[in-house]
Amino acid sequence: MSSTTRRAVLGAGLAAAGSGLLAACSGSPDGRPAAAAPSVGYLAPDGEEVAAAEAKRGTGPVREVELTATRARLDLGGRTVDSWAYGDRLPGREIRVTAGDTLAVTLANHLPEATSLHWHGLALRNDMDGVPGLTQRAVRPGASYAYRFTVTHPGTYWVHPHSGVQQDRGLYAPLIVEDPKEPLSYDKEWVVVLDDWVDGVDGSTPDGVLAELSRGMGGMEGMDHGGHGMGKMSGMAMGAGQSSPAPAGPPRMMMGATSPLLGGDAGDVAYPHYLVNGRTPDAPETFTAKPGDRIRVRFVNAGGDTAFRVALGGHRMTVTHTDGFPVEHAETDALLLGMGERYDVLVEAGDGVFPLTALAEGKKAAALAVLRTGGGRAPGAAARPRELDGTLLTADRLKADRSVRLRGRRPDRTIELDLTGSMAKYDWAVNNRKYAPDQRYPVAAGERVRLAFVNRTTMWHPMHLHGHTFALPGGGPRKDTAIVRPGARLEVDFDADNPGLWMLHCHNVYHAESGMMTVLGYRR
C-alpha cells in the first residue's frame, strides 16, 4: 500500500505551474518537498498572461470584506453543534457587490488546519481561484490571505474552501453580484441556501464520513484505495505524514437511496439534517412579504452529497437565471438542483403562509423554510406541497438568453472525460486517473473547447468547471456546474478566454476528495 499522499503530490503543483511566484515554491504549502517533477509548457497562475487578462477587466470601486474561518457553536434551530464557520453564523454573512467592482477579501484562518477560499462560478484571475497546491499556497492556521480581483459578471454565486471536505462543515456563504443595469423588476429578494448537515452531530465530522466511505462497501479496514481515499486534505489533498482519521460517530454511509430523476443511486451519505439558511425544518426561517409582492428567489445548493427538489407551496416559479447567467424565462412547479448549482426565480406572493420545501432527492427527508404574507398556522416539518410532484424543470430544458448565447462555432478541441469509479472501492476518478495537479488536459487561448463527459459509473455527478462557463447543447443555458447521470454522455462547449490552470471536478465533495478531479491547463 502506497504511503504517498496527495498533498505531497500537490506540492509539485506549485512548481508545475510554470514561472513566477508559484513556480518559485520548491515544495508543498506545508514546506514538504515536491513529490513529482514539474510540468513545462503551461501558463503560471500568476503569470503575465493572467495579469493581462485581469487588466482588460478594468478596475472599479473597491469592496472590502473580512472573513474569519473559525471554530463556532452553531444553532441549527433546536439543535446546537460545534463546527467551523465564517464568523458565528450559518451560512456566512452574504457578500454583495456590483458587477465591475473590485472585491478585496481578507481571509483570516483561526482553524486548526490550513484552508482556502474558492469563488464558485466566478470567471476571475487564476491566482485568486483558491485551490491550494495549484493556484496558491494554503492559508496556514493563524495566517491570513488577501484575495483581490475584479468581478465582471452579475449573478448568484457562493464561496467555500477548496481544502479537503471543509465545505461540508459550515464554511460557505452566498456571493451576490448585482447588475448595474438590472432588467428584472421585483419588490423583494430572498437568498435561499440549501445544505445537508452532519458535522458535530453525535460525534460525526465530514473527515470521519470520508474515512468511512473510503473503506468501500466491503468495509475493508485500513485500506486507502490507492493512497488517495481518506483523511484531512488541503487543496483537495491529504497531508503527507498524517494518519487517516478513524470514522467518528454512527455509520453515515447511505444504502438504498434511489431516484429515477437522478438515474439511480441518489447519494452516498445519510445526513441527519437538511437545512435552509442554516435552519432545520423544526425551526425554519420565515421570510415575510406582502400579498402580490414580486419576489426574486436566489437558490444555492451548498450541500456536500445531496440534490434538492425545490417547490414553493401554492406558487409557480418563473426561472430567470441558472449559475448566474440569464435564460429564456420558463415557468415550473419545481426545480432540481445538484450540488454547486444555482437558480434564480421570480414568484408573485399569494396571501397566507406557504412552505418552501427542498426535498433531499431520493433520501426521504427534506429541508424547509416559510413564506408568510398573512395570518395562519405555519406549515410543519412534514409539509410536502403538491408542486413537488408537478412540472419539474431541469437545466437541459432551458435555453440561454440570446444575450449570453455562445455564437455558433465548431470546437477546435474535444476533451473526452470518462467519469469512473464505484461505491465498492470508493475510487472515483476522471479517465481512471485520480487527481494529481501535474496531470493536465491542455487547451489554448482562443479555442472553442468541447468537454465530453461520459459517466461510466452507477452514480450521478455534478461536474463543475472553474473560471469559465460552458453551454449545454442545442442553445442550452450557460452553466459552470451540470449534472451527468449514470450511463449518460453530456457534451458542453466553452471558449478558452481566461488563462491559467483550472480545476474540473465532481462537486460531490466526497467524490472529489477521492480523486474525481482534474485540471485544464492553458498552454504557453
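These exercises work through a predicted model, in which local features need pLDDT of at least 70, side-chain atom pairs count only at pLDDT 80 or more, and totals for chains, interfaces and linings use all residues. Residues are numbered from 1 along each chain as its sequence is written, and side-chain values use heavy atoms, without hydrogens or water.

**Exercise 1. The whole protein**

Task: State how many helices and strands the protein has, and what share of its residues is buried.

Solution: 
- Step 1. The protein has four helices and 33 strands. These are DSSP runs numbered from the N terminus: helices are H or I with at least four residues, strands are E with at least two.
- Step 2. Of the 524 residues, 63% are buried. Buried means under 20% relative accessible area, exposed over 50%, and partly exposed in between (1.4 Å probe, protein chains only).
- Step 3. Take contacts between residues at least 6 apart in sequence: 75% of them join residues at least 24 apart. Contact means heavy atoms within 4.5 Å.

**Exercise 2. Asp 480**

Task: Locate Asp 480, decide whether it is buried or exposed, and find the side-chain partners of its polar contacts.

Solution: 
- Step 1. Asp 480 sits in the loop between strand 29 (478-479) and strand 30 (481-484).
- Step 2. The relative accessible area of Asp 480 is 0%, so this residue is buried.
- Step 3. The side chain of Asp 480 makes a polar contact of 2.9 Å with the side chain of Arg 342. Another, at 2.8 Å, goes to the side chain of Thr 481. A polar contact is a pair of N or O atoms within 3.5 Å; within protein, one must be able to donate a hydrogen and the other to accept it, and residues adjacent in sequence count only if both atoms are side-chain atoms.
- Step 4. Not counting residues up to four places away in sequence, Asp 480 touches several residues, among them His 120, Asp 323, Arg 342, His 464 and His 468.

**Exercise 3. The sheet with strand 30**

Task: Give the strand order of the open sheet of five strands and name its edge strands.

Solution: 
- Step 1. The order is 25-33-32-27-30, with mixed pairing. Two strands pair if DSSP finds at least two bridges between them.
- Step 2. Strand 25 (440-443) and strand 30 are the edges; each pairs on one side only.
- Step 3. Neighbouring strands are turned by 25° against each other on average, direction ignored. Axes are lines fitted to C-alpha atoms, for helices over the stretch in contact, and angles run from 0 to 180 degrees between N-to-C directions.
- Step 4. Strand 25 pairs with strand 33 (residues 517-522) in the parallel sense over four bridges. Val 443 stands opposite Tyr 522.

**Exercise 4. Strand 3**

Solution: 
- Step 1. In a regular strand the side chains alternate between the two faces of the sheet.
- Step 2. Strand 3 runs parallel to strand 8 (residues 173-178), joined by four bridges. Thr 98 stands opposite Glu 178.
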